[in-house]
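Me: I would like a close look at a single part of the structure below, with the criteria stated.

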Amino acid sequence: MALKIVKGSIDRMFDKNLQDLVRGIRNHKEDEAKYISTCIDEIKQELKQDNIAVKANAVCKLTYLQMLGYDVSWAAFNIVEVMSSSKFTYKRIGYLAASQCFHESTDVIMLTTNQIRKDLSSPNQYDTGVALTGLSCFVTPDLARDLANDIMTLMSHTKPYIRKKAVLIMYKVFLKYPESLRPAFPRLKEKLEDPDPGVQSAAVNVICELARRNPKNYLSLAPLFFKLMTSSTNNWVLIKIIKLFGALTPLEPRLGKKLIEPLTNLIHSTSAMSLLYECVNTVIAVLISLSSGMPNHSASIQLCVQKLRILIEDSDQNLKYLGLLAMSKILKTHPKSVQSHKDLILQCLDDKDESIRLRALDLLYGMVSKKNLMEIVKKLMLHVDKAEGTTYRDELLTKIIDICSQSNYQYITNFEWYISILVELTRLEGTRHGHLIASQMLDVAIRVKAIRVFAVAQMATLLDNAHMLTGNTQRNGICEVLYAAAWICGEFSEHLENPMETLEAMLRPKVATLPGHIQAVYVQNAAKLFATVLKSQEGNTDSTTAQEASQLMIDRLPLFVQSANLEVQERASCILQLVKYIQKLQQKDVEVSEEVCALFAGELNPVAPKAQKKVPIPDGLDLDAWINEPPSESESEDEQPKAIFSKEEPKHSRPRHTEVDEKELARRREARKQEQANNPFYIKASPSSQKVYQETPGVEHIPVVQIDLSVPLKVPGLPMSDQYVKLEEERRQKERAEKKKKDKKKRKEKRSGRGKKHDSGPESEEDITPAHMVDIVTEEMPENALPSDDDERDPADPHKALDIDLDNLESAGKRPLADSEKLPVRSHRAAEVLKSPAEDEEGENVSSLEPKKKSSKEKREKKKDKDKDRKKSKEEKKKKKHKHEEKEEADLLCGQADEPAFQSEETNEVVTPPTSTSADEAATVAAAEAAPAPGAISVTTPDSEPEEPKDTEMEETKSSKHKKKKQKREKEDKEKKKKKKHHHHHHHHGDKGGEESVQNGTVEEEEPLPPMSNYCLLAENSYIKVAYDIQGNLQDGSQVVVSVIFENKCDSFLKSMEFNVLDSLNSKLQRPEGSGPHDSLTIPFQLPPGVSNEARFVFTVQSIIMPQKLKGTLTFIVKNEESSTHEKLDFKLHFTCTSYLITTPCYSDAFAKLLESGDLKSSSIRLEGVNMPFHHLLARICFHHHFSVVERIDSCASMYSRSIQGHHVCLLVKISSQTVSVDAKCDEPTLLGNVLDEIKQTFSQC
Amino acid sequence: MIKAILIFNNHGKPRLSKFYEHFNEDIEQQIIRETFHLVSKRDENVCNFLEGGMLIGGSDYKLIYRHYATLYFVFCVDSSESELGILDLIQVFVETLDKCFENVCELDLIFHVDKVHHILAEMVMGGMVLETNMNEIITQVDLQNKMEKSELLLADKCSFA
């Protein structure tokens, strides 16, 4: 008993479980963070233990901490460990943690491929389920590519539980690996009619998601969906299908017609509101798509609107919300039928629920007319005053502006009213939409000529009261309005009643606190006002006012000259000097006003927003063609070296401008004019724009009516829009009365007037005449503007890649799946990828030593795949025999480029380690793309589905497989060797070198580089082969990373691999905290037969100037069915000096400086009988010794590299008739000597 | 598609967060805070849909939530989901929790967030609705729990032996 208690408490102490953690956090409310950090320390300790239960418990706790916002990515590797536990309990914990914190850039995801594949094919359906669920959250393009085929197989699993998950996850796979869509689509389609409703629902779900983005590709499925819609009783499925139809109908109106009837039936019959709502929505979509062709569906519209009204009137706020939402869709095409429910919508504006108010606002947009605009806006303005939150108020503000400005101010009859609304809106505190109001003010003032007088007066008042807008720093959003006000006052200053006053207002010292761009406008427009003042005083004998103006400018402008803002400063100092000059002239009584006004003369026309885009490209202009001959490469190479060693002279200075002739000047002027024409803020004087203006139809013919002076032009204080509402009412009544009179007159005179007769009945839209004839200046467009081009889709949209034509799959004859489109299938092949070319043959032999005994189902399957593989490749070869050699080569090339089979293998077996550099990754990708492989296989089917046509083929292969196998292998090998010369290096790991050197600019020639690999053999016995590569750690000058590839050569499982090294004084293997200096490291994976994997070990080194060797051992257990034996392999790790160098790019100027500095010691070597092209030589040095080429001139190149401890190593490599001389400089002579020795050795080997 | 599922209590303490799109931990916390802020200031009898939320979504996304006693269940979904359908789904979720925990309360979610995740995994997978039938969900969850139990029993036996 006592023992039990003790044991329990010990358990407690060591294994705090999730519940304890939560409890602990709750008990440490005041110092939660501290408590959690101690917990994390505990978790770290737990993760170090071997017991998987302890690890799983730790990971489980981490998942909880992740939810609380703690970064747990550091434990990613432990999560993978827990995921790979054989126990479901732990596996589930691992996958949950992974799904919560893994994402595309989690490195260790690459390690999971095999584990996930194993789980997917587990006999336990919940292992599979848990893997699928996890994968759905963290699938990456690599995982998608490698596992697509496995998942596709699961789509036909016997258990519906697995089927539905597999079907659903395919969508994620498609997103990450679009190539899988075509091959998987037929099966997906098949699943639409799966007997299990869950699977069916999943398939509908996936296709709906796909079709939503690219509907046209799924039109052909419409009949099938139609059938489903009429037969299914699952509301969830029905909703999805009906939504899908909503996306399809715009593309196929005939479908819409067919849908209306069943949908209306559903609307009448269903009791589920969700279904009813979606039906209504889709009917609306149908009606929208039909609206152009057939107007005869008023009954359906009526039905929809009625149903929606019922929803909106419902007490359930959700239905109200949705009703309004759907209503806004009808509004676009059938505004009339919605407008009759205006009462209801206005009522919703008063709802206490913000979501509902927002929806109602959306609807208002379509409800306004000339008649009710003022009334509606008045109501909204009341809401603006009442609104509590700024978001809703800002929303109101934008809506007011939207409503008023829609379709070119169509509904505004009185612009004075609108201007005063805008001015009223400026009183809003803390709005974000100052710029919106400002742009409206500018737009109206520019485009409605008749309103300028009024606008200018209002703006002058605004400027005068600017302190109200700027006083509070919190309101700074609104000060944008001053930008507009200043510009309007300046540009249209001729309308100002008292320009002098405004000028004074614009030059107040307070202005200097405004944002720079506004100050700039102030300064510029002050100059315009100044010009106006001068002009108004012209001819006046008393010149005091004019002189006062100049003096004011001269007094106030220096403040702006001091501005920190460049724009303000520049404008202010220009204008200041100008005014000083003017003042001098004034004192001499010279008339200057005309000249000053000429500075700002000219009419300004608005330019359409897309005008610039729509300028058509003139015939014969090719924008991609070179204007000049491109500078030749040799030229640039000749020039560069000179510049490096001598000081560069500024050659391209100004004097060249003097040479420009008259013609050129004229051309430039023309170009500038063009540019100015497109700049809305440039004031132009060119007559051409005037011409365009006159050409705009109808504008000039509209008589500009004098402004109704019943409104005082200058409203004292700030204006009240309400006045205008009343005035407008009066005006309209008056007009109506007049009209009636006229009508009576007309009737009396009995003249047949115009065709239209005015009703004396209720006021109709046309009756309302605007207060001022509004001449909205149409926006300018370039001549021959291209027809409107719609905004392109976002290029980053992942769904773009899924725009794949799937119809061809329908009938097999059209375009069957090309080999390249088939999903990658994993097949057993030795990791040939890793070996240097010399070892390749051996590699092939290894792979032909196929494991003879395979127990699990999974393995049998794979074997089949492989056999199919071989068969195909054999067929291919037969075909090729009849072709010419060249053609064969070409075939092989495309075959390779397209063949994805190898890709999967590559990433499965050469798992790029977590800390890989980007160059590394690029290389792997490139390698994967170019990897050659024999024919891929389309689909693997589980044994449960014997009617699959491919099975016969399989049987056949099976029967004769042993004999054939060898022959095929041999053939394959031969084939391989043939192409190896040319292509092998593409998929070789050593490709990395090629990549790197290209980046550094070494390899310009097309001549292919020979294959290279930095992985050299570490040790080998009959079970395992170990290769390694050492690279410096960029971040840490005392660390190097040793990547070791373990390759299983035998047909047994290799497990419990442990890696150990005898540390020297200088170099030590980094072991996890808490382990002793002689402990070995467990390698975190097992190796199935024929598989290889990579692990990385970090070593700390102190001195890097000497190469050294470390002795070590690898121990592992060889396990096959009968027995398991413990094996050991000794090795020597050779740390060369090269491995301490890191490829570092260096610019030639920095390089020259370095050489000149004199801190470097020099040394040189000579290599005789080097028989390779110079660029190969350079590439080799770059690749094997981590150098980068600084520059290269003919047969001479300078190269640079840096050690992890910051030593500079500079090389000058020259070649002349097979003799290579390497002159080198380095700040550490011993290091240099060793590096040079190593270089020498590299070249003596080849 | 469902972009995220959040459960938090009346004070904004997260009880479950499931993001079907990657955000880093800080942003996730911000999203939870922002969502809580948006949702908690709404009255009881207003609609269950909510637009806005700068961090998550954009115009195509909506927050659909339900408030049960001390907990908010919030789903962030795009326009391909039926609003009322998701409301039903939340209901199914809560009822399932109720069955699995026998009268679920906030404490169950606090101490067994992993179980809640496992239940959710049977309903929604990678942001797509997997199963809406409560009985089916419960059957699968129970079977998995049974398996877990038998494994633990086995482990205990081993350790005693």
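Which residues does A:Ile1030 touch, not counting residues up to four places away in sequence?

Reply: This is a predicted model, in which local features need pLDDT of at least 70 and side-chain atom pairs count only at pLDDT 80 or more, while totals for chains, interfaces and linings use all residues. Residues are numbered from 1 along each chain as its sequence is written, chains are lettered from A and ligands numbered from 1 in the order in which they are written, and side-chain values use heavy atoms, with hydrogens and water left out.

With contact taken as heavy atoms within 4.5 Å, and leaving aside residues up to four places away in sequence, A:Ile1030 touches A:Val1040, A:Val1041, A:Val1042, A:His1134, A:Phe1135, A:Ser1139 and A:His1186. One of these, A:Ser1139, lies 109 residues apart from A:Ile1030 along the chain, yet their C-alpha atoms are separated by 5.5 Å. A:Ile1030 itself belongs to strand 2 of chain A, residues 1024-1032; strands are DSSP runs of E, at least two residues, numbered from the N terminus. A:Ile1030 counts as buried because its relative accessibility is 4%, the cut-off being under 20% relative accessible area with a 1.4 Å probe and protein chains only.

The side chains of A:Arg92 and B:Glu148 meet in a salt bridge, at 2.6 Å from N to O; the term requires a side-chain nitrogen of Lys or Arg within 4 Å of a carboxyl oxygen of Asp or Glu. Between chain A and chain B the count is 7 salt bridges.

Methods: Helix = DSSP H or I, 4+ residues; strand = E, 2+ residues; numbered from the N terminus. Buried < 20%, exposed > 50% of the residue type's maximum accessible area, 1.4 Å probe, protein only.
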